[in-house]
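Hi,

Here is the structure I promised to pass on.

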Amino acid sequence: MNHPSVIAADAANSFDSWAAASQPRRHQGRYRNPVAMHKMGLKKTLGLMLRFLFDKPRNTVPRQPIPVHAITQQQLLAAPDRSLFRLGHSTMLLKLDGSFWLTDPVFSERASPFQWMGPQRFHAPPLSIDELPPIKGVILSHDHYDHLDHAAVLQLAPKVEHFITPLGVGDRLIAWGIDAAKVRQLGWWEATHVDGVKLVATPAQHFSGRGLNDRNSTLWASFVIEQRELRIFFSGDSGYFSGFKEIGQKYGPFDLTMVETGAYDPQWPDVHMQPAESLQAHLDLRGKVMLPIHNGTFDLALHAWHDPFDRITELAAAQGVALATPAIGQRLDIAQPARGEAWWEAVKQQEGLGTSVPAATLASETRASPV
């Protein structure tokens, strides 16, 4: 895929040569991670597909409702600056300098090219797209269906000023009818500025594609978000790799890291992190408080739906890492994140599974202390 010059041709975009050696490789129009990836093989891939279709564990989907805090536009407009609302999966709504930003907005019922099959939501979004206020920018990490929602992008477009994407993902948006003037495409270590907010596309170890013939034709990325002294990290999707330490050295420490913690399995170790790796990524980034994302909304793996929360809570407690686990729709103060309640434990108890988190960590709204 050729990438037209829709990267804003202005001083807003800059390239950081500090880490040029860790740029993604391209071969015959396809992006590659700097290190070789694990290859599953045809036989193993077919076996895995059959297990997903016919032999998945029952506990990958909650049997009781996930708690959702409904949000109104009036509440968002009245919310203090530097507020964050988790809308589900990797979709976060941030309020910075009075403007709103969305990460990987997915509002459809299924993370799939079809709305009659594929991973279905555990819960409804806490508000609809129509109820959202004007959006300063949408940050897209890559083009997989659980991160790039075609219907949501088209519905959001009239109220969004800017779409910030990795290379090639913006071309998809333009092909869908999004105004090219709204789209800024970035390679790794490239930065852009929007009304006092700096965004840097940083490396991730993953892959891309939405069909049978377009694998790795677009880039994937994590993002650094800076607003004056505030620093936030958004992982997108990634396996564990040395890039987290590079990012931490260059841009850390971070007030908040939003790190993927879900959809992992030993059979695909390179593209999603085990909880212990997610925690290590947070430490590599020099994060103060970790918000585990990429969980609690879609059934994308073979682990129990609550396993990411159980394991990251235990690991963080053992290492003295401050964790923020807001319920869906619950406001989080980015500058001073609260621990929040272990909301998944109540769902597990309703399912008859009991609790797996020490009583001391179940206290609601316990203040998180930096690492």
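**What I found**

Strand β5 (residues 91-96) is largely enclosed by the rest of the structure, because 6 of its 6 residues are buried. Buried here means under 20% relative accessible area, with exposed being over 50% and partly exposed in between (1.4 Å probe, protein chains only). Strands (E, at least two residues) and helices (H or I, at least four) are DSSP runs, numbered from the N terminus.

Before going on, a word on the source: this is a predicted model, so local features need pLDDT of at least 70 and side-chain atom pairs count only at pLDDT 80 or more, while totals for chains, interfaces and linings use all residues. Residues are numbered from 1 along each chain as its sequence is written, and side-chain values use heavy atoms, with hydrogens and water left out.

Back to β5. T91, L93 and K95 point one way from the strand and M92, L94 and L96 the other way, and all are buried. On one side of the pairing, strand β4 (residues 83-88) runs antiparallel to β5, joined by 5 bridges; two strands count as paired if DSSP finds at least two bridges between them. R86 stands opposite M92 in that pair. β4 and β5 form a hairpin with 2 residues between them, and H89 in the turn has a positive phi of about 50 degrees.

β5 also pairs with strand β6 (residues 99-103), again antiparallel, over 5 bridges. Here L94 stands opposite W101 in β6. This hairpin too has 2 residues between the strands, and D97 takes a positive phi near 55 degrees.

**Further along the chain**

Strand β12 (residues 222-227) is another one to look at: 6 of its 6 residues are buried, so it is largely enclosed by the rest of the structure. S222, V224 and E226 point one way from β12, F223, I225 and Q227 the other, and all are buried. Strand β11 (residues 197-202) runs antiparallel to β12 with 6 bridges, and V200 stands opposite V224. β12 and strand β13 (residues 230-234) are antiparallel as well, joined by 5 bridges, with I225 opposite I232. β12 and β13 make a hairpin with 2 residues between them, where R228 in the turn has a positive phi of about 50 degrees.

**Helices**

Which residues of helix α5 (residues 243-251) are buried? They are G243, F244, I247, G248 and Y251. These cover an arc of only 140 degrees around the axis, which puts them on the same side of α5 (the arc is that of the directions from the helix axis to the C-beta atoms). The buried residues of α5 pack against β11, β12, β13, β14 (254-260) and α6 (275-284), where contact means heavy atoms within 4.5 Å.

In helix α8 (residues 343-350), the buried residues are W343, W344, E345, V347 and K348, and they pack against α7 (307-319). Just after α8, G352 takes a positive phi of about 80 degrees.

Last one: M49, found in helix α1 (residues 42-54), counts as partly exposed because its relative accessibility is 47%.

Cheers
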